[in-house]
Amino acid sequence: MKITSHISLILLCFGVSALAADQSVVLKAARMFDGKSNALVQNAVVVVQGDRIVDAGSNLPIPSGAQVVDLGDATLSPGFMDAHTHLTADFSGNYNERRLQQLDLNVSEQAIRATTFARATVEAGFTTVRDLGSRFIASHEFVDVALRNSINKGVIVGPRMLVATKGIGATGGHFDPTGGFRDFLFGREPDYTDGIANGPDEIRKAVRFEVKNGADVIKAAVSGGVLSLGDEVDTPQLTPAEMTALVDESHRLRKKVAVHCHGDQAAREAIEAGVDSIEHGSFMKPETLTMMKKRGTFLTPTLMASEWIMGKLDNYPPSLQAKAKAATAARSEMFRNAVKMGIKISFGTDAAVFPHGQNAKEFKLMVDLGMSAIDALKSATGNDGELLGIGQKVGTLEKGKLADIIAMPGDPTADVTVTERVSFVMKEGKIIRQGPRTPQGTVEWTRSPDVAAPVD
Ligand SMILES: [Zn+2]
């Protein structure tokens, strides 16, 4: 890789390179995946001016005076998107330790920690995320909204975020923050201000409350989940009438609806109600997938979540281990069927269940379960752009799109794991990373000795 302008070297020292609005930047690489085509473009050239792509193709002429970044034997791609993250949380260690930590740390400290998760995610090549749920027990803070706004204002470095705030679920369901704790430990039952609602009218109130407080997308838990102590993994948790109210109210407010759903019955009812995406979908039967195909409902498979939990089973209590095993056993066949049937598949990982910044490991899991590498790449670019409703601005390398551009070594259609080694990240025309990840972009959370602690 060589940089023909020394200005960018100086600017890179500050983490994000600022370029004059009128100066063209030309990215060159051996190949390019444009976000929608079935074949890679050879001898790729992308011309960027300000925050936009002004041209993209093979062997294009270099505008005079342009800064050229030659990335060599690499593949350019639209910035990846992850349609299912939780950037304000980290559940990746010992389950009970993490549960205690949620009660232990004040919310401001958790918010500061989330800034490192945001950086790790964008440095891994994910320039957009749909962040599906951010809740802190017995707190009314909207940390995901704060994170999104701070990134948009340039206060911190991170991906573009579409946020769901708290998510919506039933009393005692997967999203009930007091589930598994002694009754009234926190003084009151959670209500719509915590995203807990029962009955169609209350569901509408919860949707309105979340939109009022900054939600870009509505998330709901319509079936049980793996990492919750008080429910079964596949039982339905909202009634069809509640789901109809959820979807109607959200769509009236022009917000899409993503539903956490493992169980088959809940999935059928949710698809019928008109949700935009089913998250997880572990136990969905072929007939349910047929319904999705007819309706155009997206599946966000989050294979990384179950993969991570299965690899670290000892970190979870026995009841959760049993739920994880059942969901994982079912999801592989469900995913293979979804690929065969040509269901719309969006790329989403459930980052926070595993450490932030490892999102790209999802690609290999998708390919191992029967998806072609090019379709896996499309899921994280063009497909996610469509699901998130921002496809007219991002998701492909085309004239007029925002310049969210990444590079990975080699050819991802020959070895999809190169997606895990992204070497260059540009977001809206600004170079966020070139070369190794920064120390701030690695999320290992270390504990320094407390020098003020009494010695005994
Ligand atoms: Zn999730």
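Donors are N, O and S atoms within 2.8 Å of the metal. The legends below describe close-up views of a predicted model.

**View 1. Zinc ion and its protein donors, His84, His86 and Asp350.** The zinc ion is held in the model between NE2 of His84, NE2 of His86 and OD of Asp350, at distances of 2.1 to 2.2 Å. Along the chain, these donors follow the spacing H-x1-H-x263-D. His84 and His86 are both buried. Water is not among the atoms, so the site may look incomplete.

**View 2. Leu388 in helix 12.** Helix 12 covers residues 373-388, and Leu388 lies in this helix. Leu388 has a relative accessibility of 7% and therefore counts as buried, the cut-off for buried being under 20%. Apart from neighbours within four places in sequence, Leu388 is in contact with Met81, Ala83, Thr128, Arg130 and Leu162. Lys344 is 44 residues from Leu388 in sequence, and the two C-alpha atoms are 13 Å apart in space.

**View 3. Gln110 in helix 3.** Gln110 is found in helix 3, which spans residues 107-123. Its relative accessibility is 4%, so Gln110 counts as buried. When residues up to four places away in sequence are not counted, Gln110 touches Gln101, Gln102, Leu105 and Phe136.

**View 4. The second largest pocket and its lining.** This pocket holds about 300 Å³ of space. Twelve residues line the second largest pocket, and those nearest its centre are Ile151, Gly154, Ile156, Lys427 and Lys430. At least two lining residues come from helix 4 (143-152), and at least two from strand 16 (430-434). Sorted by class, the lining has five nonpolar, four charged and three polar residues.

**View 5. Confidence along the chain, with residues 1-15 and residues 443-449.** The average pLDDT of the protein is 92, and 91% of the residues score at least 70. Residues 1-15 have a pLDDT below 50, and this stretch has 24 contacts in the model beyond near neighbours in sequence. Over residues 443-449 the pLDDT also stays under 50, and here the model has nine contacts beyond four places in sequence. Where pLDDT is low, the predicted coordinates should not be read in detail.

How values were computed. Residues are numbered from 1 along each chain as its sequence is written. This is a predicted model: local features need pLDDT of at least 70, side-chain atom pairs count only at pLDDT 80 or more; totals for chains, interfaces and linings use all residues. Side-chain values use heavy atoms; hydrogens and water are left out. Helices (H or I, at least four residues) and strands (E, at least two) are DSSP runs, numbered from the N terminus. Buried means under 20% relative accessible area, exposed over 50%, partly exposed in between (1.4 Å probe, protein chains only). Contact means heavy atoms within 4.5 Å. On a 1 Å grid over the protein atoms alone, a cavity is a set of points where a 1.4 Å probe fits but cannot get out, and a pocket is an open set with protein on both sides within 12 Å along at least five of seven lines; lining residues have an atom within 4 Å of a point. Grid points are joined across faces, edges and corners, and a volume is the space filled by probe spheres set on the points. Ala, Val, Leu, Ile, Met, Phe, Trp, Tyr, Cys and Pro count as nonpolar, Asp, Glu, Lys and Arg as charged, and the others, Gly among them, as polar. Donors are N, O and S atoms within 2.8 Å of the metal (3.2 Å for Na, K and Ca); water is not among the atoms, so sites may look incomplete. pLDDT is the predictor's confidence in each residue, from 0 to 100.
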